Amino acid sequence: QTIYCRSVQAGMALALRLLPWRQPQCLCGAGAVLRVPELLAAAGLSRPLLVTGPHIAASGLLTPLCAALEAAGFGWQMFCAVESDPREETVERIRDAYQAAGCDALLAVGGGSPLDAAKAAGALLARPGRRLAQMYGTLRIRRPLPPLCAVPTTAGSGSEQTAAAVIRDAASGRKVALFDLCLLPRWAVLDPDLLAGLPQPALAAAGMDALAHAVEAFLCRMTATRRVRAQASHAAAEILQTLEPACHGDAAARARLLVAASEAGAAFTRSGVGYAHALSHALGSCYGIAHGRAVAACLPPVLAYYGTAAERPLAALAAAAGIACGEKPAAAAHAFRREVAALGRRLGLPAGFACIRQQDLPQLAAAVLAEAHPLYAVPRLLDRRACQALLQALAAEGGQTAADSFPAAEKREEIPS
């Protein structure tokens, strides 16, 4: 099984290097969202469908953008019913709203859920003869989407820079992903003013998700190119330095954090993620735990499980972030893991979840391994028993329990069952 996983990952690493990647056109800075009409008009577009969630729509956050669209004479429409972890039905409703209003562009504003829902709706519009379930997986769309402008209001998902969308499958209730280069937005608008009213717990959870993107992208042993490692290392260092002050109201830190989260998105869409994300998806599907909170809890014990297999890359991340300079790899890696766990605690995020039930462990472990294998190029592979032990540790109470439950990995890899 190990040979199979690593062989598939080697092939994927080659394929990722050969894909014709493109970068979204980025517009950054305070007030950048007011220039969205300018971007659309320059492309000959004037009837966008604004896709967002009910809380953002009710908050007044969109008032300046809506006024700018009105002033530009745009015939825009709004869909404001995207829930957290959007369902297939919601995606279909976005498609229907787009077609009914005769729109010519998608304008997604919000966290990862509205952005991903808009991407998935774009896939349905690009492939009118297919159901969404037929496009789950890799490179199954292969058609240009309607022009998409992504405007994040959290510094977390990085969806404005990714070629992926995560949707809740109607049949199974599980989170599933679509991956295709056509899902990359045409424009990414990074306006730190949109983060100003974000509650501290939401900003903290989103920032830890972005940190996990950067760290896991850096750790992908075969798929992380030099460019990806440079992006991921810089993003991780920036997030570690700015997340806490951003949560305490520092406007300059918020601006840096937003850019770093976007950079982390660009890194992981070209490299991949790891078990922290596979675990968080399983926990979210089973118990409804918010993704950022789940990732914040899962990342420290996953890094601890990797042990010696991840010592040198974690030491490099520690040096880049100024956490440990000049120390031996084992000590530097330990300092990095300790800081990640401590940051989550300082931000009031959980280190585990008491809702995890013993009888659910086999099903959860199966979901984690089904997502991660064979594609996730992690430093050390999990088997079913180790995965259940990790979940058991997450179920225990106490800030340090999960992260300290795994001894340092041996230099060999364990063979997954």
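**Questions on the model**

Modeller: H10 is largely enclosed by the rest of the structure, because 10 of its 13 residues are buried. Buried means under 20% relative accessible area, exposed over 50% and partly exposed in between, with a 1.4 Å probe and protein chains only. This is a predicted model, in which local features need pLDDT of at least 70 and side-chain atom pairs count only at pLDDT 80 or more, while totals for chains, interfaces and linings use all residues. Residues are numbered from 1 along each chain as its sequence is written, and side-chain values use heavy atoms, with hydrogens and water left out.

Biologist: What covers the buried residues of H10?

Modeller: The buried residues include Tyr275, His277, His281 and Gly284. Contact here means heavy atoms within 4.5 Å. Helices (H or I, at least four residues) and strands (E, at least two) are DSSP runs, numbered from the N terminus. The cover includes S7, S8, H7, H11, H14 and H15.

Biologist: How far apart are the end C-alpha atoms of H10?

Modeller: The expected span of a helix is 1.5 Å times one less than its number of residues. For the 13 residues of H10 (275–287) that gives 18 Å, and the computed distance agrees, at 18 Å.

Biologist: In what order do the strands of the open sheet lie?

Modeller: Two strands pair if DSSP finds at least two bridges between them. S7 and S8 are antiparallel over 5 bridges, whereas S5 and S8 run parallel with 2 bridges. The pairing is therefore mixed, and S5 (137–138) and S7 (164–168) are at the edges, each with a single partner strand, so one side of each has no neighbour in the sheet. The order is S5-S8-S7.

Biologist: Which glycine in the turn of the S7 and S8 hairpin has a positive phi?

Modeller: The two strands form a hairpin with 6 residues between them. A phi of about 80 degrees belongs to glycine 173.

Biologist: Arginine 254 is buried; which side chain of opposite charge is nearest?

Modeller: Arginine 254 is found in H9 (residues 251–271). Lys and Arg count as positive and Asp and Glu as negative, with His and the chain ends not counted. A salt bridge needs a side-chain nitrogen of Lys or Arg within 4 Å of a carboxyl oxygen of Asp or Glu. Arginine 254 has none, and at 5.6 Å the nearest such side chain is aspartate 193.

Biologist: What is the relative accessibility of glycine 110?

Modeller: Glycine 110 is in S4 (residues 105–110). Leaving out residues up to four places away in sequence, glycine 110 touches Ile56, Leu115, Val151, Pro152, Thr153 and Thr154. Glycine 110 counts as buried, because its relative accessibility is 0%.
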